[in-house]
Each structure stands twice: as structure tokens, then as C-alpha cells.
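I set down here what I looked up in this structure, entry by entry. The sequence and the model come next.

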Amino acid sequence: MTDEHDMIRDEVRKLCAQYPDEYWRKLDAARKYPSEFVDALTKAGYLSVLIPEEFGGTGLGLSAAAAILQTIQEMGCNGAACHAQLYVMGTLLRHGSQQQKEKYLPGIAAGELRLQAFGVTEPTSGTDTTSIRTFARREGDEYVVNGQKVWTSRAEHSDLMILLARTTKKEEVEKKTDGISTFIVDMRKIPKEQMQIRPIRTMMNHNSTEIFFENMRIPADALIGEEGKGFRYILTGMNAERLLIASECVGDAKWFIKRATDYAKERKVFGRSIGENQGIQFPIAKSYASMRAAELMVNEGVRKYETGENCGEEANIAKMLAADASWEAANACIQTHGGFGFAEEYDVERKFRETRLYQVAPISTNLILSFIAEHVLGLPRSY
Ligand SMILES: Cc1cc2nc3c(=O)[nH]c(=O)nc-3n(C[C@H](O)[C@H](O)[C@H](O)COP(=O)(O)OP(=O)(O)OC[C@H]3O[C@@H](n4cnc5c(N)ncnc54)[C@H](O)[C@@H]3O)c2cc1C
């Protein structure tokens, strides 16, 4: 981490300070999107840090994106409203054509276009991405898309969506990872009868949706890279996604640890602060140690990513350790607060619900353990 990152963190802290707990509490109760917060981040250029300067961005690396997202969480805000723009971007930057980059990147950098939706998961395939059924059939200079996605977060608050669809059936390909293609869909241009977006109400305010495609027509030039190679494009972006989510989890853990520590010092029971009891201190201290270990692994993963080394092991381990650390800190924090941890006005229960997601999404802990077992330790593939 450099002085530049410290400066970014300071500036992000100042911006986040304008969106205090009450702002998030109200949105959470109403399940509303934090438009003002996302607009402010966009205007300040934080959501386009990965876009090269020639397309209007600041051309900073993943470490800058990680610093931004971590600080947002550490300040008690919620980057889940807009983090996808940072981790989806890689697919367009690495595999998009010059024409696609010129068409979309300047608009995204200027804050006129939002790239916030990532349509991968489907109800019947779940974690088994190569079993997706959404199909894009080439017809002249268009593709006709039919199928369904689930958990496509922020689709109602995005102009563009990176969509994964089969272009050859699984039964007809030699390798199951072949025959899957990636598209950039301009959702503003799709008639309602071709694409229906339905919100899913969840335990936290996440603006997730399910999307139904019925003969959705998209231009052939919406295809990113080569037809049939899309699974590989998405995979290369996943390390970045895991590192950024891990960074957010470290931020969450820091928020919980700060709140727990502050409360433990001020709350008096039996005539003394509860923080004088080791029973209160130790879970907080333990979660601090977990957070620090996760933070080091995130930094190592980001370093390898930026120097072009294979960071698959670090990205996966960082995501698991950080999600575990934030969950451990969340538990310590709610326990430290006793009954008040459950009261909305203390914000602990809200953050507790929010951070729980990262044990499951974007990849669950079991699948990370499977990755480590198979790809790091050389054990047999278990699924
Ligand atoms: C709020 C929210 C937002 C999301 N946003 C997006 C989004 O924007 N875009 C998108 O594409 N997806 C999104 N997702 C989907 C998310 O990535 C998936 O939920 C996640 O990958 C798990 O898939 P699944 O829910 O189908 O679980 P399943 O695949 O059905 O798995 C269920 C459980 O079984 C376990 N399991 C499955 N297979 C194995 C195995 N072989 N070994 C051991 N355990 C196994 C899993 O670990 C999990 O715990 C979101 C999900 C949520 C809840």
C-alpha cells in the first residue's frame, strides 16, 4: 500500500462521512437503493478507477479499487450497491473489442452509464455454472436469448449487464466449459416483453432480482471476445472479484471491531465497563487477529494480481478468511452489545445481516475449500 492509497482512503472516508448510519438504516427499512451515495462515488470517480486514462478513467490498479471498497465498508456504508462495476470491468477491459471499449468506457467513466449487473447464476444450475441453460441463438446479425437468471443484483439500477449464456448446448461440446459466451447487454434498449426484471426481497437490502429473457434480441456485436470462450473470460475476472469482496469483508470486520471496542469501553454493568472482562475482550481480540491475517492475504493476492502472477490460491483463500473474519467480528460485536445489538438504531444487526452474505456469494466457502483441496493440494476433484 502506498501514499496514494492512503490519500484515496482519506478522501473516501470524507465522502462516506456524509452518509451516516441513519441514511443506511432508512434505506434498509424501505429496501431502497442508495442512489445519492452511488452518484457521489461515481462523480468522485471512484467507480471508474480501473478504466484506463485514454477512455476517461484514472487507470489505477486493483489495489486502488480494494482500498476504496474496504474504506466504504469500514465507514459503515455499503459498497454492495455498486461494487460490481469494479469487478465486472475486467471482462470488458481484457476481452472487449476496441469498438466496445470506445462505445462504453467513456460513458461509464463520465458517470452517464452504469455497468452494475452481472448475470451468471441460474435457478437450476446454481454453483455449477457450466450447466446454465440460458441460450443465445445467432440469427443473422443478432442473437436471440431465452432463459432465466436469478440473483442478478442491481439490474434495476444498471444500464449495462454482462450476461453469460450458452451458444452451444452442453451435450454438444467436448469440454463442458466450451460453448458458453459472454455478452454486454444494453438493457435500456430491450423492450419490456423481451426482458422482465423481478425484484427478490432478501434479509438485507441488496437490490437483487431475477430476470426472464423471452426472445430477447441483442446485436451480434454485443458478444465479448470469441463465441464459446466466455466461461474463460469470466473465470479470469473471478480472482479480481474475490479479492475485492475480501477487501470489503476486511472493511466490515474493522467496522464491527471498532463498534464492539467502543461499546465495551463505555457500557457499565456491575459498576464497571464490560470491556474489563476477558470474556468480552477475547472474542473481539480474536476477531481482530483473524481480520489482520485476512488483510495480509488480501494484500498478497492484490500484489500478485497487479504483477501479473497467478493469484488463484491467494484470491480464494483471502475471500474465505476475510468472509470468516467479518462474520466472527459480527458475532463478537452483537454479543458485546447484548440486547442492544438487536436494536435497529445501533446498526449492528443490519451490518450483521449484510456481512453474512459473503459466506455464500459470490462463491461459497465449500467451493473455496474444494478449490484449495483440488488445485493447491492436488487431492481428487470431489464434484
Ligand atoms: C444477495 C445475493 C446476491 C447475488 N448476486 C449475484 C449476482 O449479481 N450475479 C450472479 O450471477 N449471482 C449472484 N448471486 C448468486 C450467488 O453467486 C450464488 O447464490 C452462489 O454462487 C451459490 O449458488 P446457489 O445459491 O445456487 O447455491 P447452490 O449451488 O445450490 O449450493 C447450495 C449449497 O450447497 C453447497 N454446495 C454445492 N455444491 C457443492 C459441492 N460440490 N461441494 C460442497 N458443497 C456444495 C454450496 O456451498 C451451498 O452452500 C447472489 C446471491 C445472493 C444471495
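I took the domain bounds from an automatic or database domain assignment. The chain is divided into domain 1 (3-113), domain 2 (116-228) and domain 3 (232-376). I looked up the C-alpha centres of domain 1 and domain 2 and found them 23 Å apart.

I note that residues are numbered from 1 along each chain as its sequence is written. I also note that this is a predicted model, in which local features need pLDDT of at least 70, side-chain atom pairs count only at pLDDT 80 or more, and totals for chains, interfaces and linings use all residues.

**Whole chain.** I found 11 helices and 10 strands in the chain; helices (H or I, at least four residues) and strands (E, at least two) are DSSP runs, numbered from the N terminus. The radius of gyration is 21 Å, close to the 21 Å that the globule rule gives for 383 residues, so the chain is as compact as a globular protein of that length. That radius is taken over C-alpha atoms, and the globule rule is 2.2 Å times the number of residues to the power 0.38. The C-alpha trace spans about 80 × 50 × 40 Å along its principal axes.

**Domain 1 against domain 2.** I found 17 residues of domain 1 in contact with 17 residues of domain 2, where contact requires C-beta atoms, placed from the backbone, within 7 Å. On the domain 1 side, α2 (21-30), α5 (84-95) and α6 (98-109) each supply at least two residues. The largest share of that side, six residues, comes from α5.

**Ligand shell.** The ligand is surrounded by 22 residues, and the closest are Val 120, Gly 126, Thr 127, Ser 364 and Tyr 383. Both β1 (115-119) and α11 (365-376) supply at least two residues of the shell, and α11 gives the largest share, three residues. Why does the shell lie between domain 2 and domain 3? Both domains give residues to it, so it lies between them.

**Ala 64.** I located Ala 64 in helix α4 (residues 62-74). Is Ala 64 buried or exposed? Ala 64 has 22 other C-beta atoms within 10 Å, so it is buried; the cut-offs are 20 or more for buried, 12 or fewer for exposed and partly exposed in between, with C-beta atoms placed from the backbone. Not counting residues up to four places away in sequence, Ala 64 touches His 5, Ile 8 and Val 49.

Key: A residue is near a molecule or strand if its C-beta atom, placed from the backbone, lies within 6 Å of it. Two residues are in contact if their C-beta atoms, placed from the backbone, lie within 7 Å.
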